[in-house]
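Thanks for making time for this, everyone.

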Amino acid sequence: VPMYQALVKSYNQANVRLGIDVGVKRVVAQLQRLGAEGNIPAYPSVLLGAVEMSPLNVNQVYQTIAGNGFYSPLTLVRQVTEANGVLLSHFPYAVRQAASNESVYLLQQEMRKVATAGTARGVYRYLPKQQQVAAKTGTTNDQRDSWFSGFSGDYLVTVWLGRDDNKPMGLTGASGALNLWADLMIQIMRQPLLLSVPETIEKVWIDPVTQLRANSACVGAQVWPYKKGSAPKAFSPCVTTPVNQAHEWLNKMMGDN
């Protein structure tokens, strides 16, 4: 299963396998760089999202993703002024890079696919297709918690639904929180999510069957983004090279005779 599909379709096993290969401690460290607060034990269950976080803290993590990998702490107050507008105090922005621009770009691309073809595709029951967004659903065991986080070009919103007594609600992230998120975003968002491609990213035709290089003539071929130098080097059999054309012509001639 390619990783983009695992994220888009929420295939947890594939994501857990990746996390184990990378190392749970490294995953936790990156999560904290993105803005997760508190002591997070490096247990494999973390890879399934078994971390206690408030909606505000979840929003902080997604804010870093929406901000192209730059962390800026969320705050309720930016400045205090008098009634006549005179500034009394100001809380400056504090920004630091928490993840590489190209890595976050690849993640943003996959989160857009989550919204168009994955577990969050229900947002386009509310939003017009041209209003592109990136999003991710979340559902806990027995459907006790329904989560949805997503962003457009101008707003980031996180929605959580749950009961005070922690009993199941019967709602997934897609059937519960998504609807509130979309209902709010259709009222406030004005700018679609337009991603600028970093110079360190290249786009390559790929045959999704073999996951090797392809071209536009290959049936079902798609253009996938890669960090430069990381794309497959080998070509899919669907790519017809001059050598392959010669072989095909000889085989045809021999068959005809």
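Let me begin with I206, which, once its neighbours within four places in sequence are left aside, is in contact with Q211, L212, R213, A214, A221, Q222, W224, Y226 and P232, where contact means heavy atoms within 4.5 Å. Please keep in mind that this is a predicted model, in which local features need pLDDT of at least 70 and side-chain atom pairs count only at pLDDT 80 or more, while totals for chains, interfaces and linings use all residues. Residues are numbered from 1 along each chain as its sequence is written, and side-chain values use heavy atoms, with hydrogens and water left out.

Is I206 buried or exposed? I206 is buried, with a relative accessible area of 0%, and the cut-offs here are under 20% relative accessible area for buried, over 50% for exposed, and partly exposed in between, computed with a 1.4 Å probe on protein chains only. The residue sits in strand β8; helices (H or I, at least four residues) and strands (E, at least two) are DSSP runs, numbered from the N terminus.

The open sheet has three strands in the order β9-β8-β10, with antiparallel pairing. Because β9 and β10 stand at the edges, each with a single partner strand, one side of each is left without a neighbour in the sheet.

C218 and C238 form it, with their sulfur atoms 2.1 Å apart. C218 lies in the loop between β9 (212–213) and β10 (222–227), and C238 in the loop between β10 and α7 (242–256), so the pair ties together parts that are 20 residues apart in sequence. The torsion about the S-S bond is about 90°, so this disulfide is right-handed. As for accessibility, C218 counts as buried at 6%, whereas C238 counts as partly exposed at 31%.

Next, the aromatic rings. A search of the whole structure finds three aromatic pairs, where rings of Phe, Tyr and Trp (its six-membered ring) pair if their centres lie within 6.5 Å, and planes under 30 degrees apart count as stacked, over 60 as edge-to-face and the rest as tilted. One of the pairs is W147 with W160, which is tilted, at 6.5 Å centre to centre and 50° between the planes. W147 lies in strand β6 (residues 145–151) and W160 in strand β7 (residues 156–162), so the pair ties together parts that are 13 residues apart in sequence. W147 is buried, with a relative accessible area of 17%, while W160 is partly exposed at 35%.

Rings can also have a charge over them, which here requires NZ of Lys or CZ of Arg to be within 6 Å of the ring centre and within 35 degrees of the ring normal. The charged end of R96 sits over the ring of Y71, 4.2 Å from its centre, and K113 lies over the face of Y4, at 4.7 Å from the ring centre.

N68 has a phi near 60°, a positive value in a residue other than glycine, and N68 is placed in the loop between α4 (55–66) and β1 (70–71). N166, with a phi near 65°, is found in the loop between β7 and α6.

Finally, the overall picture. The protein comes to seven helices and 10 strands, and its C-alpha trace spans about 90 × 45 × 40 Å along the principal axes. Buried residues make up 34% of the 257 residues.

Note on methods:
A disulfide is a pair of cysteine sulfur atoms within 2.5 Å. Two strands pair if DSSP finds at least two bridges between them.
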